[in-house]
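Have the structure open as you read.

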Amino acid sequence: VSDLASLMDVSIPEIISACMSLGIMASINQRLDGETLTIVAEEFGYEVEFTSAEGQEAIAVEEDKPEDLQDRAPIVTVMGHVDHGKTSLLDYIRKENVIGGEAGGITQHIGAYSVELENGKRITFLDTPGHEAFTAMRARGAQVTDLAIIVVAADDDVMPQTKEAINHAQAAGIPMIFAINKIDKEGAKPERIKEQLAQMNILVEDWGGKFQSQEISAKKGLNIEELLEKVLLEAEVLELKANPDKNAIGTVIESTLDKGRGYVTTIIVEGGTLNVGDIVLAGHYTGRVKAMYNERGVAVKSAGPSIPVSMLGLNGAPSAGDRFNVLKDEREARGIATRREQLQREQGVRTQKHITLDEIGRRIAIGDFKELNIILKGDVDGSVEALADSLQKLSTEKIAVNVIHKAVGQITESDVLLATASDAIIVGFQVRPSGGARRLAEKEEIQIKIYSIIYAAIEDVKDAMEGMLSAKI
Ligand code: GDP
């Protein structure tokens, strides 16, 4: 508050009262979020320009010229219900020579691997299957995955976690390919799976829809090549490109402390090329890249876009989903790391403010609110469907109400992660959050509203959208 006052050359009480008119009780030393800053500054005739995300130091990002962009490999996450064959699929692709020319399977687990197909094209797989890991990364602001393979076992049904995976992928806006697995099994009924998907409005291609699907056996290795070809086809549509000729940027996939080698950090390069000797800043850790290894345990000197490597040299273990940058100056990198650590301590782990029903009115008033995302959990299917329907119908021209995930059952940590990643509120109808979900929601500041009357839930959301809720309370 005081910094803003002096920047704009107005008095501190003026800033404080501007904040108050927005419903924010600010003190002199209060840190304001980006949105509040913008509005308050506007009131005094200033326009705010952000040089980086909130709480992040400005690190000069090199602009890419169109002619510098080259094709890059798609990065794929495998999701689906437990026991439907996610791990088997990842293991098969890892171990077998699906792959032309590359000798020897991949034996190491570094959190991601990249395979080459016969046509010379590559696909990178994230080696932690499941939508929880995927959404946890998104909740930290990282969207590494370009497309999802949803595995459904043909001797089973489309299950709750299949639906959850679909909703998580859709909330992230990434394309899906369906791998209908276990077709080697007696009693496998792939057509029934397609029918069940159709009931969810997911039409696969042979049903006249847009979603590619492939019947496979992950165990026997049937049709895996065909599946991978479909991944490439889907990726082509996405026109994935990156500039390899600049300082690397990317995302941390996992990190561990190895007794002999120190911190081992697996990263995926998004743009640029990472080289041994580079000065890396990841989360609030830094270091010079001492060595890098690919998923075959082979030392490499450099890694370009979409390539995963495990690197040695950081002075700590950043979290999965943290961004990394390469900087020119080691002192500068250390300085930023220290400031980030301080900031994190000050603010707790929270980095982003999430929506609550009470806040909607204010956000609408300032015109930056267009979508209300809701995650809906209930005790029985009928009421979940009815409530979802009524909530979506509250959509107006100005605000769309999206039920991004609905299901029967308790509110879980995975729901909270999805809410964090998609800035959603959680509505529970006759269900409560699990202990873990409640704790995570508190930490991430995700609003969970519990109702036992459908009408009350609808009224609350409606009032919130009309900006009435705070007046009522
Ligand atoms: P995940 O929980 O989705 O990772 O599932 P897993 O990959 O661990 O597989 C669960 C079980 O299904 C294991 O016993 C696998 O051997 C088996 N399985 C996976 N894929 C196939 C398949 O294509 N055919 C058959 N018959 N069994 C499979």
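This is a predicted model: local features need pLDDT of at least 70, side-chain atom pairs count only at pLDDT 80 or more; totals for chains, interfaces and linings use all residues.

A pair of aromatic rings is described by the distance of the centres and the angle of the planes. Here the count comes to two aromatic pairs, and the table sets them out.

| Pair | Centre to centre | Angle between planes | Type |
|---|---|---|---|
| Tyrosine 113 and phenylalanine 125 | 5.7 Å | 35 degrees | tilted |
| Phenylalanine 178 and phenylalanine 211 | 5.9 Å | 85 degrees | edge-to-face |

Tyrosine 113 and phenylalanine 125 are both buried.

Phenylalanine 178 is in strand β6 (residues 176-181), while phenylalanine 211 is in the loop between α7 (190-199) and β7 (212-215), so the pair ties together parts that are 33 residues apart in sequence. Phenylalanine 178 and phenylalanine 211 are buried too.

There's also a charge over a ring: arginine 261 has its charged end over the ring of tyrosine 293, 5.6 Å from the ring's centre.

Is alanine 419 buried or exposed? Alanine 419 is buried, because its relative accessible area is 0% and buried means under 20%. Leaving out residues up to four places away in sequence, alanine 419 touches His354, Ile375, Ala424, Ile426 and Ile446. As for valine 408, it sits eleven residues from alanine 419 in sequence and 17 Å away in space, C-alpha to C-alpha.

How values were computed. Residues are numbered from 1 along each chain as its sequence is written. Side-chain values use heavy atoms; hydrogens and water are left out. Rings of Phe, Tyr and Trp (its six-membered ring) pair if their centres lie within 6.5 Å; planes under 30 degrees apart count as stacked, over 60 as edge-to-face and the rest as tilted. Buried means under 20% relative accessible area, exposed over 50%, partly exposed in between (1.4 Å probe, protein chains only). Helices (H or I, at least four residues) and strands (E, at least two) are DSSP runs, numbered from the N terminus. A charge sits over a ring if NZ of Lys or CZ of Arg is within 6 Å of the ring centre and within 35 degrees of the ring normal. Contact means heavy atoms within 4.5 Å.
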